[in-house]
Number of protein chains: 2
Amino acid sequence: MSKRVIIIGAVALGPKVACRLRRIDPDATITLIDRDNLISYGGCGIPYYVGGDVADLEGLYSTIAHAIRDKAFFEMVKGINVITRAEAISIDRKKKSLTIRHLDENRDEDLPYDKLVIATGATPVQPPFPGVTLPQVFPVSNLHQAKAIKDMISKGEVENAVVIGAGAIGIEMAEALTDLWAVDTTIVEMAERVLPQALGRNIATIAQKQLTDHGVKMLIGERVLRINGTEETGVESVETTAGTLPCQLVILATGIRPNSELAANAGLAIGKNRGIIVDQCMRTTDPDIYAGGDCIEVMNLVNGQTLLMPLGSLANRQGRIIASNINGRCEQFKGTVGTFCIKVFEMAFATAGLTFDQAKAAGFDPAYSTVAQSDRAHFYPDSEFMYMELIADRRTRRVLGVEAAGPQGDAVKSRVDAIAPLFQYRADVSDICTLEAGYSPPYASAMDIINNVANSLDNILEGTHNPIDAIEFIKKFEAKETRVLDVRSKVQADPFVEKYGDRWINIPQDELRQRTDEIPTDEELCILCGSGPRSYEAQLVLAAKGKNRTLNIQGGYGMIIAVHPPLI
Amino acid sequence: MSKRVIIIGAVALGPKVACRLRRIDPDATITLIDRDNLISYGGCGIPYYVGGDVADLEGLYSTIAHAIRDKAFFEMVKGINVITRAEAISIDRKKKSLTIRHLDENRDEDLPYDKLVIATGATPVQPPFPGVTLPQVFPVSNLHQAKAIKDMISKGEVENAVVIGAGAIGIEMAEALTDLWAVDTTIVEMAERVLPQALGRNIATIAQKQLTDHGVKMLIGERVLRINGTEETGVESVETTAGTLPCQLVILATGIRPNSELAANAGLAIGKNRGIIVDQCMRTTDPDIYAGGDCIEVMNLVNGQTLLMPLGSLANRQGRIIASNINGRCEQFKGTVGTFCIKVFEMAFATAGLTFDQAKAAGFDPAYSTVAQSDRAHFYPDSEFMYMELIADRRTRRVLGVEAAGPQGDAVKSRVDAIAPLFQYRADVSDICTLEAGYSPPYASAMDIINNVANSLDNILEGTHNPIDAIEFIKKFEAKETRVLDVRSKVQADPFVEKYGDRWINIPQDELRQRTDEIPTDEELCILCGSGPRSYEAQLVLAAKGKNRTLNIQGGYGMIIAVHPPLI
C-alpha cells in the first residue's frame with residue numbers, strides 16, 4: 001500500500017514537503033490541510049504588497065510562471081490532495097490517526113497516517129493592553145489582514161498609524177505606510193533600540209536614523225498603555241508612556257508564538273520558547289511525526305541554545321529535508337546562525353550570529369570593532385560607504401557575530417553572507433582577516449571591509465587599538481568631557497575648529513609625526529578622521545611617544561553622520 | 001638596535017607590509033625599494049582608468065582621502081624610507097645584505113637587513129610571435145603603459161584594436177576600449193572559451209555572449225601568428241589562424257610570469273609555476289626572508305596544488321600577515337580557493353574553486369548542476385535572472401566549485417562569496433542545500449538560488465534528475481537529433497510549435513499528469529520550461545509512468561537565451 005502522509009499547514013513548509021515528496025515518491029498519498037482557503041503564499045511579501053511593490057495580492061500566491069497556487073493547482077499540477085478550511089483537532093499517536101474539523105461544515109473527520117508533518121506556523125502575540133481587539137488593530141500574519149490593511153489605506157481612511165514593535169515586520173510595515181501612502185507613522189518599541197534581537201547599538205542606530213530621516217516617528221524605550229476607541233468609532237489613538245498618538249490604524253508587530261498546542265496535547269516535547277522540539281532529522285519526539293517552520297525551535301549554532309526563527313527561508317530548507325527523510329534518507333538540518341537581512345528605505349541591514357549583548361548573556365567575553373569603508377574600490381565611481389561590526393570572544397578569538405549596513409543592499413548582504421557560514425566551524429578573527437571574497441574594483445576593495453573589520457578587531461584584541469564608538473564619543477563631546485584631535489586636512493577640519501574652538505584640535509596626518517609635542521600626555525583625546533584608519537594610525541604614532549590616553553573614534557566622521565546629525 | 005627591514009617592491013604587498021609594520025613596531029627601520037618612480041598603486045584599476053571610470057591616473061595612487069602615495073608621503077606620513085628607481089640585484093643571505101642598483105646613477109649599494117621581504121611581483125608573459133616588441137603592443141602591468149594606451153586612444157590614433165588573451169585583463173581592457181572609446185576591438189583566445197582558468201563552458205558562454213552583444217569581436221580557439229608593422233608605421237595588423245585583423249593597438253594579456261629570479265639566484269626554493277615557495281607564515285626557505293604577492297605560489301585549498309594567483313586582494317592580506325610575523329606573531333595564510341569576480345559590460349561573473357575540467361584533471365569524478373533563477377523573491381519588482389553552476393565530486397559529494405553570472409553584480413558576487421569559504425572545510429552538497437544566507441524579498445528568494453543549485457545537484461547525484469546543458473540541447477536540436485517537450489503555457493509555446501512543427505511538443509504543466517500517454521516511451525525528449533523546475537518535475541511525472549528517456553534542459557529557456565540567440 002502506498003504511504004499516507006498528512007501535512008498540517010499549507011503556507012510555506014507544508015507545500016514544500018508535499019511537492020518535494022511527490023517528486024521523489026510518485027506513489028505516496030499526500031494530503032495537505034489548512035484552516036485557511038488561501039494557501040502557499042509568501043507571507044514575507046505582505047509589507048511589499050501593502051507598500052505597492054507587489055501590485056496584487058495574487059502576486060504573493062502565484063508561481064514565477066503566474067500560476068495561482070490554490071487547491072486546484074496542487075491537485076492538478078502537483079498531484080496532492082488539499083483540504084482547506086479544516087482545523088487539526090487532535091492526534092491519536094497510537095492509532096496513527098489525525099482528527100480534523102471541517103470549519104464550514106462543523107464536521108469532524110479522522111484521517112489515518114503513516115507519517116505526519118506538523119507545519120502549523122505561529123500566531124502573532126497579542127499584548128495584554130486594552131483595545132487590542134479593536135478591528136483596526138492588525139497583526140500581519142495572513143493575506144486577509146494584508147488585504148484589509150491595504151483596503152483601509154487606499155480608501156483614504158488612514159492619516160496616522162501606529163506600529164507597535166520595531167522588529168522586522170514593524171519596520172517593513174512602517175516603510176510601506178510612509179513611503180507609498182504618506183501615512184504619518186509612529187513606531188513604538190519597548191527595547192532601547194530598533195531590531196533589538198538582530199542588531200547591536202551602533203548598527204541599530206543607523207537603522208533608526210534611516211527611519212527618522214524618512215519621516216517615521218520613533219518612540220524607542222517606550223511602552224503602549226492602551227489603544228483608545230470603540231467598535232463604532234474605530235481606533236482613535238494609542239496611549240504610550242510618551243504621550244497619546246492619534247491614529248486610525250494600529251499594526252501589531254510584537255512577536256509571534258508558535259502554534260504548538262496540537263503537538264503538546266499529543267504529548268510531543270515542547271521547548272522553552274513554546275516551539276516543538278525536533279531532532280536534526282526534523283523528527284519530533286515521535287519518529288513518525290515531523291515538524292518544521294515557525295512552530296518549531298531551532299538550534300542556534302553559535303550559543304548552542306534553541307530559539308524561534310520564523311523565516312520562510314528556513315522553512316523551505318527544512319521542508320525539503322523532511323520530504324527526503326520521509327522517503328528514507330537521513331538529511332539533516334543542523335540549525336541556524338541567525339542570518340537576517342532587511343531593507344529600510346534606502347539602506348540595507350544584514351546580520352548573523354549574536355549581538356554584543358547576546359554574546360555577553362551567553363557567557364562569552366565579547367569585543368567588537370566597527371568600521372566604515374567604501375563597498376567598492378575607493379577609486380571606482382559608484383562606491384558608497386558601508387558600515388560593519390564584528391564581534392568575537394576575547395579569550396578564544398572565536399567570531400560570534402557580524403552586522404552590516406549600507407545603501408547598496410546586495411553588497412551589504414554579501415559581506416554578512418560570506419562570514420555567517422563560518423560561525424558553525426568556529427572561525428576565529430584571523431580566519432576573517434584572510435577571508436577570501438571575490439575581488440574586482442567594481443565590487444570590492446583589495447582589502448575589503450570584511451577583512452578590515454577583522455583586522456581592526458585583531459588590533460583591539462592585541463591591545464594596539466583603543467577605540468571609542470561614535471555614539472559614545474558624541475555623548476562625551478556634547479557633555480564637554482573630551483576634546484577632539486582631527487587628523488584630516490585643514491580644509492576639512494577648519495569649519496569644526498571654527499565652531500568648537502580649542503575643543504577641536506586639527507593636526508593633519510602628514511604633520512602629526514612632526515607635531516606630537518603639541519599633544520598633551522595627561523589628557524584623554526578622541527582622534528578623528530574620515531573613516532577611522534588615519535586616526536588609528538595617529539593613535540599609534542602618539543602611543544609611540546608615550547601619549548597613551550587617546551581613543552580612536554571607530555568609523556570616523558563617516559560613522560558619526562550615520563548615527564547622528566552632522567556636527568556642523 | 002632597531003630591526004632593519006627591507007622590502008623589495010612597492011606596489012601592493014610591499015607598502016602593506018611597510019605600513020602595518022610601522023604601526024606595530026615604531027622602532028624598526030623600514031626601507032621600501034622599487035624599480036619604478038610610481039609606487040603603491042591599484043594596478044587592477046588600470047582598465048577602469050583606460051575606460052574612463054577613473055578620470056586621472058592619480059586616482060590609482062591616491063588614498064581615499066586624496067593624498068598622493070609617493071615617496072614623500074611614505075616618508076612624512078608613514079615614517080618609511082623609500083628608494084625608487086632602484087633594482088634589487090642580489091641577496092647575500094650569509095651576510096644578510098641586499099645589493100641594489102640605483103638605476104639613474106648606475107651605482108650599486110649594499111644594504112644590510114635583519115628581515116627581507118620579496119615583493120617583486122610578476123611580469124607579463126611576452127609570447128614568441130614576431131612583432132611583439134613593437135611600441136604599440138602593450139601589456140597592462142604598470143601605470144606608464146596605462147597612460148600610453150589612454151594617450152593613444154584619446155588622440156584618436158586607434159580605430160581598431162586587438163586584445164590577445166581572454167582572461168580577466170583582456171576582457172576588462174576590451175570593455176574599456178569598446179565602451180568608452182568605441183574602438184573596434186577583437187579578442188583572440190587560444191583556449192576554447194573566455195576566462196578558461198575561471199569558468200566552465202556554460203557560464204563562460206554567457207560571458208562570451210555578453211562581449212559579442214556589446215560589439216567585441218571574438219576569435220575563440222584561434223591563435224595569433226604574428227603582429228605586422230614596423231617601428232616607423234607602428235602596428236598595422238595581427239595575423240591569426242582565422243585571418244588578418246587590421247589594427248593600430250595590441251593589448252597583450254597572455255598571462256604573467258613571477259619575478260622570482262632574485263630569489264632563485266639566492267638559492268631560495270622556487271615552485272613548478274616559477275613562483276617563490278613560502279610556508280603558511282609567508283617565509284621562504286630562508287626564515288629571515290619573507291615573500292608574498294604575485295611573485296609567490298599559493299596553495300589551492302581545493303586540489304592541494306600550488307598555483308599563481310596574482311590578485312591585489314591576496315597580496316594585501318598576505319602583507320598584513322608578513323608584518324605581523326616579522327613582529328613576532330605567527331599568523332598564517334593558508335591558501336586560496338580561487339575566488340574571482342569580474343564585470344563584463346552589463347553582467348557580473350563570479351567563481352571559486354575548480355571548474356569541471358580542473359576537477360577532472362585533479363582526479364575527482366565531478367558532476368554539476370546549472371540553474372537559472374531570480375536573484376530576489378520572484379514577486380519583487382527589480383528581480384533579474386541569475387545563472388549558477390555548482391560542481392561536486394560524485395563519490396564524496398564534496399563541493400569543488402561554483403560559478404555565477406547575472407546583471408546585478410553584488411548579488412552575483414554574494415552567492416559565490418557565501419559558498420567559497422566552505423570549500424576549505426570540505427563542505428558537501430547537503431551543506432549547500434541548507435546553507436543559510438540572508439533572506440528578505442528585496443534581496444533573495446525564500447529558497448535562494450544557492451540552495452536550489454545544490455538541491456538540483458543533489459537530485460542529479462541521487463539519480464532523480466537527468467539533465468542536459470542548454471548548449472548541448474541547442475546543438476542536438478539544430479542537428480535534428482532530439483525533439484522538445486515544452487511544458488510552458490500554450491501562449492508561451494505556440495510560436496515555437498508554429499516554427500518547429502512536431503519537433504516541438506507542447507503539453508502545459510497543468511495538463512501533463514493527464515496526458516502522459518501522448519509521450520513516446522522509446523524516444524529521447526528534451527523537456528523545457530522557463531527556467532528548469534517545471535521541466536524537472538515533468539521529467540519525474542514521466543519517469544513514474546516508465547518514460548525514462550527524457551533529458552531536462554538545465555536552466556530552461558532562460559539559460560538558452562543566455563548562451564544563444566533566441567530560438568524564435
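# Briefing: the A–B interface, a buried lysine and salt bridges

Lys343(A) sits in strand β21 of chain A, which spans residues 340-344. The model is a predicted one. In it, 98 residues of chain B are in contact with 98 residues of chain A.

**Lys343(A) and its surroundings**

- Lys343(A) counts as buried because its relative accessibility is 18%, and the cut-off for buried is under 20%.
- Its side chain makes a polar contact of 2.5 Å with the side chain of Glu175(A).
- A polar atom of the Lys343(A) side chain also lies 3.1 Å from the backbone oxygen of Phe345(A).
- Leaving out residues up to four places away in sequence, Lys343(A) touches Glu175(A) and Ala348(A), and across the chain boundary Tyr380(B), Pro442(B) and Tyr443(B).

**Interface between chain B and chain A**

- The buried area is about 8,000 Å², and carbon and sulfur atoms give 56% of it.
- Three residues, Arg317(B), Glu436(B) and Tyr443(B), supply 10% of the area that chain B buries against chain A, more than any other three residues.
- Tyr443(B) is also one of the residues that Lys343(A) touches.
- Helix α10 of chain B (residues 409-419) gives the most to the side of chain B that touches chain A, namely eight residues.
- By class, that side of chain B has 44 nonpolar, 26 polar and 28 charged residues.
- One salt bridge joins the side chains of Asp458(A) and Arg320(B), at 3.1 Å from N to O.
- A network of salt bridges links Arg20(A), Arg320(A), Arg329(A) and Glu331(A) with Arg397(B), Asp458(B) and Glu462(B).

- Strand β23(B) covers residues 366-374, and eight of its nine residues are buried.
- It runs antiparallel to β24(B) (residues 385-393), with nine bridges between them.
- Within this pairing, Gln373(B) stands opposite Met386(B), and Ser374(B) has Phe385(B) as its bridge partner.
- β24(B) is largely enclosed by the rest of the structure, because eight of its nine residues are buried.
- β24(B) also pairs with β25(B) (residues 399-406), antiparallel and over six bridges.
- There, Tyr387(B) stands opposite Ala405(B).
- β24(B) and β25(B) form a hairpin with five residues between them.
- Arg397(B), in the turn, has a positive phi of about 65°; Arg397(B) also belongs to the salt-bridge network.

**Salt bridges within a chain**

- Arg201(A) and Glu472(A) form a salt bridge, with their closest N and O atoms 3.0 Å apart.
- Arg201(A) is in helix α6 (residues 201-213) and Glu472(A) in helix α13 (residues 470-478) of chain A, so the bridge ties together parts 271 residues apart in sequence.
- Arg201(A) is partly exposed at 33% relative accessibility; Glu472(A) is partly exposed at 28%.
- Arg483(A) and Glu523(A) meet at 2.7 Å, N to O.
- Arg483(A) lies in strand β27 (residues 483-486) and Glu523(A) in the loop between α15 and β29 of chain A, so parts 40 residues apart in sequence are tied together.
- Arg483(A) has 22% relative accessibility and counts as partly exposed; Glu523(A), at 24%, counts as partly exposed too.
- In chain B, the side chains of Lys475(B) and Glu472(B) meet in a salt bridge at 3.9 Å, N to O.
- Lys475(B) and Glu472(B) are three residues apart in helix α13 of chain B, so about one helical turn separates them.
- Glu472(B) is partly exposed, with a relative accessible area of 28%.

Terms used. Residues numbered from 1 in each chain as written. Chains lettered and ligands numbered in written order. Predicted model: local features only at pLDDT ≥ 70, side-chain atom pairs only at ≥ 80, totals over all residues. Heavy atoms only, no water. Contact = heavy atoms within 4.5 Å. Buried area = accessible area lost by both parts, 1.4 Å probe. Salt bridge = Lys/Arg side-chain N within 4 Å of Asp/Glu carboxyl O. Helix = DSSP H or I, 4+ residues; strand = E, 2+ residues; numbered from the N terminus. Nonpolar A, V, L, I, M, F, W, Y, C, P; charged D, E, K, R; others polar. Buried < 20%, exposed > 50% of the residue type's maximum accessible area, 1.4 Å probe, protein only. Polar contact = N/O pair within 3.5 Å; in protein donor to acceptor, adjacent residues only side chain to side chain. Pairing = 2+ DSSP bridges.
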